[in-house]
Amino acid sequence: MSFENLLRPGRINRMYMRNRIIVGPMEKSLANLDGSLNERYIAYARRRAMGGAALIQLESTYVSPEGRGNPYQVGCHGDHVIPALTRMVGEIGAHGAKLAMELHHGGRQASVAAHHRHPIAPSAIPSGMMDPGTVPREMTAADIRRVIGDFARAAERCLAAGVDMIHLHGAHGYLLGQFLSPQSNRRTDGYGGSLANRARFPLEVLAAVRQVVGPAYPIGYRISAAEYVKGGLEADESARFAVMLADAGIDLIDVAGGTYESMSKIFQGPEAPKGGFVKEAAVIRRAVGDRVPVSVAQRMNDPVFADRVMEREGFEYVTLARAFHADPDYVRKLNEGRADEILPCIGCNTCVNLTVARTPAGCAANPTSTFELSRDSYRSSPEQVRVMIAGGGVAGMHAARFLGMQGHEVLLYEATDRLGGQLHYLRRVLPDYGMLVDWLACELDRLGVMIETGCPVGVAEVSAVDPDAVVVATGARGGHLWASTEDPTVPIFDVLSALERPQDEWESDVGVIGGDFGACVVAQHLRRSGVRTHVIESKASLATDGAFNGLLLEMDLEADPGVTIHRETTAGTITGDGVVIQSRGKESRLDVGSVVIGGRRPSSELSDELRRSGLAATVYTIGDAVRPRDLYAAGQEAAEVAERIDLAGRAGTLRSTLATPPALG
């Protein structure tokens, strides 16, 4: 496929673009505390420019201190940001890419913990998803004038740094969108009420920025076409506002959706269909006609799908954020006819989890993302070593790939008849996860890594291979059953076997003992199979090990009438007709036909055996074999172990008599 719609050159106002793919804004918790860019952030953007990106938007960039949402968010609120921003423009421009800054004010969705100020908003209506108890102050006329001035001064700094385009962030429930939305704007003055009044503030911001940059400079606007909250914006009203933007001289409309109170729409996961906002974007495209180019975001990372949607709906551009986070060479591979080699974003939202945790937002699929300064290029080592990897899950496959890229002799052994480890089960309900396994398998084949499936590994097998190093990546197994059983005929599954069971074999009611993230994924899967489900959790909250993803999952289960959540409850006994549960000193019985045990345990036996064996090879243990965690930990430890083995090989210390190094986890 030629991908003509994606790859043809474009022009926004007078700015030339080498293709029609925009690198979407994505907060990464990479900036300095004063909002300025650092070398790690510049290296991240430079790598995407080298991979063929045409226009790179960094992230929502605050223009006022009280508009900040993250301590490590990029800012454009002071002149001190200009020097590093200038370097960024030069670095990516040297590789043919343009830079767009997405100017932003969080309003009621700004974080008090990040800016330590009283938040401001069109009306004194708090966001249900932000710092508890924080009610924003309704903006006065003076506040409105000041913030408009802050946007204008930020635009001046962008010009001073040589930034190629400015984007105004009116989506996701931030301040510009808060004025536009009837859900968050209850004002009775000239900035509230009718759509024309609610549109006044964002249009005044646009006018102020246009006055700074002039008529030939490109300005884009990102809009949540639908907010998916009661009383919020719908696509028809957003389309009317889009016409106002066109009348005001906007150069690009980028369509997104949702607010913090409909967070699952902003961060759609692998369970969501492709093109989450295509329908709404098409409404806006028809409203503005050929007057303004329109781009659409959200799960557009499949290039075949994206190209066809552009053709069908007439979109001039598509906006991809997580796709470039996973594979910086996305465009290069399309241009070279290697679309099948693109490392897929699997929609796991690990990047969101890390950003919310105020940690540099790496990628579960690509362990080098945000680590470009240290892991961007793997060169062949002058000292080739032989490495045996036990376990063909994601940790083992990533480790094999990195070691293969370094030119080492890699032998990967998997006890079962297929690669993928725990993702073999998960891909049944979340097929996107399986794409990572398939991509890694193709990479290992390309690198010539020797793979043996159906080959359990023990001390004898390691001794026969006689490697310089062994990487134990044997993963995890199902959790431990704490409840006693009175009737062994009741079907009991762990989270892995439950995912593998055919959907039509489940009885109507299932008890899930444990509310960890994996157990909640199973509960969600059972409900989508039409099975009524009881989740029994000893804590007050579900999926706490899943971070932000866990919060979204808990909200989904809470909203499902077919799921009953028993919080602060334990399972005492599994009987012939159900599960006896206890909560706050009271005992009751749940009538369920089968039981799923939550949790996972490390499969660490091989690691222990090898450490007792006295073999000369250095043994490393990574991933869930250390402690069950997530895909991100598996990938990071795989990258780290490859680095350690390579360095030890260069130093000639792998087959030493020193003590075996500790597990990486």
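# Reading strands, helices and loops

Q: I would like to start with one pair of residues. In strand E12, which residue is the bridge partner of serine 295?

A: The partner of serine 295 is tyrosine 317 in E12. Before we go on, please note that this is a predicted model, where local features need pLDDT of at least 70, side-chain atom pairs count only at pLDDT 80 or more, and totals for chains, interfaces and linings use all residues. Residues are numbered from 1 along each chain as its sequence is written, and side-chain values use heavy atoms, with hydrogens and water left out.

Q: How do I read strand pairing, and which strands does E12 pair with?

A: Strands of a sheet pair through backbone hydrogen bonds, either parallel or antiparallel. Here two strands count as paired if DSSP finds at least two bridges between them. E12 runs parallel to strand E11 (residues 294-296), with 2 bridges joining them. E12 is also parallel to strand E3 (residues 21-23), this time over 3 bridges.

Q: What unit do E11, helix H12 and E12 make?

A: They form a right-handed β-α-β unit, with H12 covering residues 303-313. Right-handed means that, with the strands pointing away from you, the path from the first strand over the helix to the second runs clockwise.

Q: Are the two faces of E12 covered or open?

A: In a regular strand the side chains alternate between the two faces of the sheet. In E12 (residues 317-320), Tyr317 and Thr319 lie on one side and Val318 and Leu320 on the other, and all four are buried. Buried means under 20% relative accessible area, exposed means over 50%, and partly exposed is in between (1.4 Å probe, protein chains only).

Q: Is aspartate 251 buried or exposed, and which side chains does it join by polar contacts?

A: Aspartate 251 counts as buried because its relative accessibility is 12%. You will find it in the loop between helix H9 (235-247) and strand E10 (252-256). A polar contact is a pair of N or O atoms within 3.5 Å; within protein, one must be able to donate a hydrogen and the other to accept it, and residues adjacent in sequence count only if both atoms are side-chain atoms. The aspartate 251 side chain has such a contact of 3.2 Å with that of asparagine 13 and another of 2.8 Å with that of arginine 210. Beyond its neighbours within four places in sequence, the residues in contact with aspartate 251 (heavy atoms within 4.5 Å) include Ile12, Tyr217 and Val292.

Q: How many residues of helix H17 are buried?

A: Eleven of its 12 are buried, so the rest of the structure largely encloses H17. Among the buried ones are Met397, His398, Arg401 and Phe402. The buried residues pack against strands E13 (386-390) and E14 (409-414), and against helices H18 (423-426), H19 (431-447) and H25 (631-651). H17 (residues 394-405) reaches 16 Å from first C-alpha to last, close to the 16 Å expected, a value that is 1.5 Å times one less than the number of residues.

Q: Which sheet strands does H17 lie across?

A: H17 lies across E13 and E14, at about 165° to E14; axes are lines fitted to C-alpha atoms, for helices over the stretch in contact, with angles from 0 to 180 degrees between N-to-C directions. These strands belong to an open, parallel sheet of 5 strands in the order E15-E14-E13-E16-E28. Its edge strands, E15 (450-453) and E28 (618-621), each pair on one side only. E14 and E15 are joined by 4 bridges, and glutamate 414 stands opposite threonine 453.

Q: Is aspartate 417 buried or exposed?

A: Aspartate 417 is exposed, at 62% relative accessible area, in the loop between E14 and H18. Leaving out residues up to four places away in sequence, aspartate 417 touches Thr453 and Gly454.

Q: What do strands E24 and E25 form?

A: They form a hairpin with 2 residues between them, and arginine 584 in the turn has a positive phi of about 50°. E24 (residues 578-583) and E25 (residues 586-590) run antiparallel, joined by 5 bridges. Valine 579 has leucine 590 as its partner in E25.
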